[in-house]
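Visitor: I would like to learn how to read a model of this kind, one feature after another. Could you take me through it, giving the general idea before each case?

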Amino acid sequence: MPRDPLVEVRDLSVRFVNRDIDLTVVDDVSFRLDAGEVLCFLGESGSGKTVTMRALLRLLPPHARIGGSIRLAGHDVTAMSERQLEAVRGPVGAMIFQEPMTALDPVFTIGTQIAETIVAHEAVSWAQARARALELLEMVQIPSAARRLDAYPHELSGGLRQRAMIALALSCKPALLLADEPTTALDATVQIQILLLIRSLQKELGMATIFVTHDIGVACEVADRIAVMYAGRFVETGPVADIVASPAHPYTAGLLRSTVSASTRGERLASIPGGPPDLTDMPPGCAFGPRCVSHGAACDAGVPPLIPFAGGRASRCLLTKEVVHAGQGGGSVSREAHM
Amino acid sequence: MRKREAGRGTRHKFRWDNRMHFYVLRRLLYTLPIILGVTIVCFSFIHLAPGDPIGAVLPENASAQVVAEIKAAYGFDRPLPVQYLKWLGRVLGGDFGTSIMTRRTVISEVAPAVANTALLAVTAIGLSFTFGITLGLLAGFSNRRVTDRSVTAFAVVGISVPHYWLGMVMVVIFAVLLHSLPATGMGPAGTNILAFTGEDISHLILPALTLATIPTGVLARSVRAMVAEVRRQEFVQTLKGKGLRRGRIFLHIVKNAAPPIMAIMGLQFAQLLGGSILVETVFAWPGTGFLLNAAIATRDLPLLQGTVIVLAIFFVLTNLFVDVLQTAVDPRVRRA
């Protein structure tokens with residue numbers, strides 16, 4: 001595909017509708033992603049990051065209504081039938097879930113679960129698919145991979161299960177990898193291994209990746225760009241290093257201040273006062289308004305637009321320009337971001 | 001460790017490995033104390049029940065001496081543990097004693113009754129598995145509220161309706177009013193299904209339908225519940241997310257839902273094998289339920305004991321079979 005981005009999302013909205021309620025959980029989300037790029041959705045639980053990601057493959061419950069447009073490698077995902085989607089899920093976009101114990105079928109072996117995916121998408125025999133499954137398990141560095149092929153999910157440790165889940169996601173060489181908090185359910189020591197594994201595989205295979213996390217440390221570790229989500233909307237987007245160096249949105253700034261690091265040792269950790277808004281009862285203007293220190297009368301007039309500014313960044317805050325000018329520290333844009 | 005050839009074991013199937021042998025063996029051993037317990041219960045509950053078995057065979061004016069002689073002849077004068085052990089010894093040798101009423105061996109009474117009931121039970125279970133599972137799957141996989149609600153309503157009615165009443169209503173409709181099906185009894189071929197004719201089948205229809213009602217309702221409801229529960233699980237999203245066809249996802253869901261369903265099917269089948277006193281009496285079907293009814297009414301203790309033990313052993317064996325099958329389908333059970 002010449003010059004077309006791999007992922008192009010415009011004005012995405014997701015509503016959960018049933019007889020009693022009509023709840024907008026994701027609103028006004030637009031972004032592009034090129035092949036090989038890593039984007040991170042950062043936000044608290046309930047901010048809509050997982051729903052946004054799942055909308056890309058239309059993996060949402062039947063009562064979800066998707067608005068706007070989603071283009072994945074030239075496919076118009078919102079207009080496809082379930083049958084057409086089957087061809088997209090797997091080879092175009094594949095997903096790693098948060099909890100590998102519940103995301104793998106407990107009564108099928110790891111080998112079968114990987115092989116059936118390959119058989120579903122490619123004209124190969126079960127024997128060939130199984131051989132590929134073995135290669136995949138070796139690629140994600142599962143020890144004694146041949147034996148694990150016949151293991152059931154409950155027979156593996158959490159870390160190995162997540163590796164198997166990654167092997168499953170990679171089985172059809174997806175152009176886009178979607179990782180939904182892939183390290184959250186794991187022990188701290190295993191978390192970093194899985195993170196490094198995903199990053200190295202992403203580089204090796206040149207996959208575009210969207211990472212969902214609530215952990216800003218994880219975001220810094222893996223992402224090129226991040227999109228901070230709050231109450232279903234992007235509130236700040238841009239290259240990860242710039243955002244960490246000079247957050248433009250008060251919410252991002254609050255998130256960064258409340259992060260534990262060596263430099264904050266002995267100090268009392270700052271936290272953002274209050275809690276995220278109830279989606280059934282949103283504030284009139286800026287969703288972050290009630291918790292914001294810079295909150296003014298203008299903020300309640302309407303939802304602020306995502307205001308673009310220098311360095312490919314944008315922020316959904318009326319004070320955007322001021323903040324950037326005041327805090328401009330000559331932040332260089334590096335694609336490799338480490339904390 | 002066995003290394004499998006590539007290409008084998010790729011499709012899903014039952015896995016029978018060393019752990020399975022161990023499990024089956026252990027499960028077999030478990031059944032021994034259960035069966036022993038059943039014999040103790042069978043032996044003792046009859047002695048707990050009011051009424052004297054001797055009183056049923058002897059005229060009311062029999063002298064005390066005659067009563068004592070008869071008691072001695074049947075061994076009823078010995079202490080209970082001795083009676084139990086002697087009785088158990090004979091039972092283990094396949095001798096369940098002689099029916100007090102018919103003076104024929106208990107085995108020769110029970111065996112044909114078991115066969116008659118088995119014919120009815122297998123037919124009824126075939127019907128109820130087919131309809132129950134179909135309805136349950138339909139409701140479980142349907143996203144339409146109407147389908148779900150109507151299957152549930154049907155299932156609740158099926159479970160709740162008294163089956164002997166349903167049997168009588170069907171007799172009234174199909175036998176008395178429409179004259180289309182016989183009201184009672186077995187066909188001339190008995191249990192020899194190879195010699196079955198239309199007449200034999202017509203005799204089977206009403207009692208089998210009546211007996212099938214409850215298991216159909218139970219199965220429809222539990223299949224619906226299990227499928228709905230499995231469909232809500234996260235791994236179904238993974239299956240969709242990797243682009244599997246609906247048929248393949250269906251297979252995954254069914255295999256996950258199967259173990260508890262099989263347990264329910266086993267229980268239902270075992271219950272039907274036990275025969276239904278009420279339904280077999282309504283249709284005059286000469287099965288175990290009919291036999292039990294007769295044995296109870298005439299206080300025929302050896303016959304009652306023999307029938308109950310044979311039925312209990314069937315029950316235990318059916319459960320054993322289901323447990324083993326469940327283990328083969330669900331790898332997680334093998335850990336226990």
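Visitor: Which residues in helix 12 of chain B meet which residues in helix 13 of chain B?

Guide: Before answering, note that this is a predicted model, in which local features need pLDDT of at least 70 and side-chain atom pairs count only at pLDDT 80 or more, while totals for chains, interfaces and linings use all residues. Residues are numbered from 1 along each chain as its sequence is written, and chains are lettered from A and ligands numbered from 1 in the order in which they are written. Two residues are in contact if their C-beta atoms, placed from the backbone, lie within 7 Å, and helices (H or I, at least four residues) and strands (E, at least two) are DSSP runs numbered from the N terminus. Here B:T288, B:L291, B:L292, B:A295 and B:I296 of helix 12 meet B:L303, B:L304, B:T307 and B:L311 of helix 13. With Ala, Val, Leu, Ile, Met, Phe, Trp, Tyr, Cys and Pro counted as nonpolar, Asp, Glu, Lys and Arg as charged, and the others, Gly among them, as polar, this contact has seven nonpolar, two polar and no charged residues.

Visitor: At what angle do helix 12 of chain B and helix 13 of chain B pack, and how far apart are their axes?

Guide: Axes are lines fitted to C-alpha atoms, for helices over the stretch in contact, and angles run from 0 to 180 degrees between N-to-C directions. For helix 12 and helix 13 of chain B the angle is about 150°, with the axes 9 Å apart. Angles under 35 degrees count as roughly parallel, over 145 as roughly antiparallel, 65 to 115 as roughly perpendicular and the rest as oblique, and helix 12 and helix 13 of chain B are therefore roughly antiparallel to each other.

Visitor: How many of the ten residues of helix 12 of chain B are buried?

Guide: A residue is buried if 20 or more other C-beta atoms lie within 10 Å of its own, exposed if 12 or fewer, and partly exposed in between, with C-beta atoms placed from the backbone. Helix 12 of chain B, residues 288–297, is mostly covered, with seven of its ten residues buried, among them B:F290 and B:A294. The cover over those buried residues includes helix 5 (106–141), helix 11 (277–282) and helix 13 (301–329) of chain B. Just after helix 12 of chain B, B:R299 takes a positive phi of about 50°.

Visitor: Why does B:V227 count as buried?

Guide: B:V227, which lies in helix 8 (residues 198–231) of chain B, counts as buried because it has 23 C-beta neighbours inside 10 Å. Leaving aside residues up to four places away in sequence, B:V227 touches B:G136, B:L137, B:G140, B:F141, B:I253 and B:A257.

Visitor: Which domains does the assignment give for chain A?

Guide: Domain bounds come from an automatic or database domain assignment, and for chain A they are domain 1 (7–223) and domain 2 (229–263 + 270–327). The centres of these two domains of chain A, taken over C-alpha atoms, are separated by 28 Å, and their contact takes 21 residues from domain 1 and 15 residues from domain 2. On the domain 1 side, strand 2 of chain A gives the largest share, eight residues.

Visitor: How many residues does the contact between the chains take from chain B and from chain A?

Guide: That contact takes 29 residues from chain B and 34 residues from chain A. Helix 9 of chain B gives the most to the chain B side, with seven residues, and by class that side has seven nonpolar, eleven polar and eleven charged residues.
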